[in-house]
Amino acid sequence: MEEMDLVQRYEDSLNRTPKVEESRNFSEFYTKMEDFEAKVETQANHIVFRVSKSNQIIYEKEFVGLTCQQILSSDLNGNMQPEFWLLLKKGKNNQIYAFEYHKGHLKAFQFPTLKGRQNFGYVGNDSLHVDKSYIVRSFDFKNDPYSDLSEGIRACYYSFGIDQSFVLNKTLDLEHIQQ
């Protein structure tokens with residue numbers, strides 16, 4: 001793979017960093033990738049997720065009763081089609097919504113739920129980030145009888161395939177950093 005292809009594939013990490021603008025009753029999250037822009041606008045009891053390509057809206061969806069915690073964009077499966085990842089919250093529960101642009105439309109796909117060992121001691125406080133070719137879901141855990149730590153942060157590293165499948169590649173238990 002040539003250096004230019006590598007740079008374009010992984011983009012500048014600043015473009016993946018979500019931007020947040022907040023006022024008293026309104027907040028906006030957005031991310032950009034190439035000529036795509038994804039926004040989440042929060043208003044009262046609902047949010048609106050909107051994706052534009054070259055300043056033309058190509059997708060819009062409203063979620064009622066949810067708040068946005070985070071939005072990311074990537075091309076993890078290397079098919080030259082961007083993915084958009086939303087971390088939404090309803091009460092104490094976190095939900096991850098994922099979409100990929102394909103042939104002029106956004107297609108939703110199911111992000112894996114936490115199962116088995118990954119779910120033991122789950123406390124919440126989820127976050128998402130991209131690490132090389134992985135989408136990483138991190139969250140707090142406590143009192144997991146199978147962990148060497150009594151509490152900490154668990155990071156689950158998933159690869160995302162061209163067929164929109166996920167593979168859990170590794171799970172790390174990390175200590176909380178004391179400040």
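# Strand pairing and nonpolar cores in a predicted model

Reader: How many bridges join strand S11 (residues 134-142) to S12?

Author: Strands here are DSSP runs of E with at least two residues, helices are runs of H or I with at least four, and both are numbered from the N terminus. Two strands count as paired if DSSP finds at least two bridges between them. The number of bridges joining S11 to S12 is 8.

Reader: What conventions apply to the numbering and to the values?

Author: Residues are numbered from 1 along each chain as its sequence is written, and side-chain values use heavy atoms, leaving out hydrogens and water. Because this is a predicted model, local features need pLDDT of at least 70 and side-chain atom pairs count only at pLDDT 80 or more, whereas totals for chains, interfaces and linings use all residues.

Reader: What is the average twist from one strand to the next in the open sheet?

Author: The open sheet has 4 antiparallel strands in the order S10-S11-S12-S13. Its edges are S10 (122-131) and S13 (166-174), each of which pairs on one side only. Angles run from 0 to 180 degrees between the N-to-C directions of axes, which are lines fitted to C-alpha atoms, for helices over the stretch in contact. From one strand to the next, the average twist is 20°.

Reader: Which residue in the turn between S12 and S13 has a positive phi?

Author: S12 (residues 151-160) and S13 run antiparallel and are joined by 8 bridges. In S13, Leu168 is the bridge partner of Tyr158, and Val167 is that of Ser159. The two strands form a hairpin with 5 residues between them, and the residue with a positive phi, of about 65°, is Gln164.

Reader: How many of the 10 residues of S12 are buried?

Author: Buried means under 20% relative accessible area, exposed over 50%, and partly exposed in between, with a 1.4 Å probe and protein chains only. By this criterion S12 is mostly covered, and its count of buried residues is 7.

Reader: Which element of the protein chain has the highest mean pLDDT?

Author: pLDDT is the predictor's confidence in each residue, from 0 to 100. The protein chain averages 86, and 84% of the residues score at least 70. The lowest mean among the elements, 45, belongs to helix H2 (residues 13-16), and the highest, 97, belongs to S12.

Reader: How many residues are in the largest nonpolar core?

Author: A nonpolar core is a set of buried Ala, Val, Leu, Ile, Met, Phe, Trp, Tyr and Cys residues joined through side-chain atoms within 4.5 Å. In the largest one, Val40, Phe49, Val51, Phe63, Leu86 and Leu106 touch the most other members. Elements giving two or more residues to this core include S3 (36-43), S4 (46-53) and S5 (56-64). The number of residues in the largest core is 18.

Reader: What is the relative accessible area of Phe63?

Author: Phe63 lies in strand S5. Contact means heavy atoms within 4.5 Å; not counting residues up to four places away in sequence, Phe63 touches several residues, including Phe49, Leu86 and Phe99. The C-alpha atoms of Phe63 and Phe49, 14 residues apart along the chain, are separated by 7.8 Å. Phe63 is buried, with a relative accessible area of 5%.

Reader: Which residue in S9 stands opposite His102?

Author: S8 and S9 (residues 105-110) pair in the antiparallel sense over 6 bridges. They form a hairpin with 2 residues between them, and Lys103 in the turn has a positive phi of about 50°. The residue opposite His102 is His105.
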